[in-house]
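These entries record what I looked up in this structure.

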Amino acid sequence: MFEQIQIPKELIPVDGRFGCGPSLVRTEFVEALARDAKGYLGTSHRQATVKNKVGAMFEKVRKYLDVPADYKIAAGNGSASQVWDMCTFSLIEKKAAHFVNGEFSQKWAASTKESKFVQAQEVKVGNGEQPAFKEFDDCDVHCITWNETSTGAMWSECPRAEKSLLAVDATSAAGAYTWDLSKTDLFYFSPQKAFGSEGGLWIGIFSPKAVAQIERVKKSGRYIPAMLDFTHALKNAESNQTYNTPSLTTVYLLEKQLQWFLDKGGLKNFAKEADEKVKILSDWVERREELTWYIKDASARSKTVCTINLDKAIPYDQLTKHLRKFGFLDIDCYRNLGENQIRVSIFPNVAKDDLVKLTKAVDYCLDHRTK
């Protein structure tokens with residue numbers, strides 16, 4: 001269908017990494033790491049060189065995300081998916097409510113459900129839909145996934161839990177769009193998505209209420225594996241460390257990216273850019289009869305992960321395979337979703353000019369395809 005099509009040179013992106021994670025890492029930061037490697041890589045994470053870098057990372061997270069002064073920040077190995085199990089062992093006292101609308105929110109719920117010492121309740125809707133928030137009196141933690149990376153469905157604003165904790169998986173949205181942290185008790189993310197770093201690390205932001213509950217769970221006598229114990233992470237963060245050895249590359253790239261964010265005007269500037277990028281795609285989808293938004297409710301469409309369905313007569317895998325030959329990378333649909341669609345990240349590192357080139361390159365392929 002597309003094999004013979006030669007996409008014009010003027011439509012080739014400067015950087016065509018549109019993947020939803022791992023995402024586009026800025027080349028200048030990789031080059032800077034190479035220059036600094038002898039005094040940084042292969043050194044102890046308990047010494048000043050690395051501890052200072054971790055401390056700078058924490059400080060810039062606090063500034064960029066406008067973290068309330070009395071909230072604590074910590075980090076650890078295992079990426080955000082490990083935090084699901086950490087919540088089960090180290091945060092939930094008796095029961096959690098999970099709001100489920102896709103692959104990752106479902107996996108978080110499963111971590112709680114499969115345990116023997118806490119309970120779980122699910123509020124579940126179909127893929128591509130957005131659940132309505134409700135606080136349950138018998139749940140001490142309410143768990144939402146701000147941006148469901150698998151589907152591109154997003155909470156448009158932060159709900160409020162009055163009598164319990166609100167825990168937010170913010171991966172693939174944190175760093176790219178605004179969020180009211182004052183309503184949130186645990187806010188965590190992985191840096192290999194909107195923050196343009198590498199994987200293997202989680203960053204968590206904890207309210208005083210969350211810290212108090214973590215300490216109660218610890219004192220309850222529950223067995224908590226050390227790697228899943230938030231108290232260890234919080235204690236080490238006081239000394240600008242992680243409980244065990246982190247990827248120094250991830251820390252370095254994240255700190256560089258945060259400084260770049262701050263130099264470019266901060267989070268509000270990138271939220272504005274995200275709206276502009278969504279409009280580029282919305283205008284495109286409206287113009288092309290072969291395309292439709294997967295998320296039907298416009299208010300629930302992600303500002304970072306955009307899922308666009310293709311007409312069934314146009315196999316997405318043939319299109320994405322051909323585009324890859326010309327430098328358009330990782331726009332395949334989520335592997336377990338089973339939709340005929342493309343999934344495009346519009347994280348801060350994705351240039352608007354390259355996004356426009358992507359739309360025009362797809363146009364070119366659709367217009368010149370063989371039937």
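Predicted model: local features only at pLDDT ≥ 70, side-chain atom pairs only at ≥ 80, totals over all residues.

I noted H8 as the element that gives the most, with three residues.

I then looked up the space in the largest pocket, which comes to about 250 Å³. Its lining is made up of 17 residues, and Arg26, Pro348, Asn349, Val350 and Ala351 are the closest to the centre. By class, I recorded seven nonpolar, three polar and seven charged residues in this lining.

Next I turned to the second largest pocket, which holds about 210 Å³ of space. I counted 13 lining residues, and those nearest the centre are Gly21, Lys193, Tyr334, Arg335 and Arg343.

Three strands form an open, antiparallel sheet, ordered S10-S11-S12. I marked strand S10 (291-293) and strand S12 (341-345) as the edges; each has a single partner strand, so one side of each is left without a neighbour in the sheet. From one strand to the next, the twist averages 30°.

I examined the pairing of S10 with strand S11 (residues 305-310) in turn: the two run antiparallel and are joined by three bridges. Tryptophan 293 is placed opposite isoleucine 308 of S11.

Finally, I returned to H8, the helix noted above for the largest pocket. H8 lies across S10, S11 and S12, and runs at about 130° to S10.

How values were computed: Residues numbered from 1 in each chain as written. Heavy atoms only, no water. 1 Å grid on protein atoms, 1.4 Å probe; cavity = no way out; pocket = protein on both sides within 12 Å on 5 of 7 lines; lining within 4 Å. Points joined across faces, edges and corners; volume = space filled by probe spheres on them. Helix = DSSP H or I, 4+ residues; strand = E, 2+ residues; numbered from the N terminus. Nonpolar A, V, L, I, M, F, W, Y, C, P; charged D, E, K, R; others polar. Pairing = 2+ DSSP bridges. Axes fitted to C-alpha atoms, helices over the stretch in contact; angles between N-to-C directions. Contact = heavy atoms within 4.5 Å.
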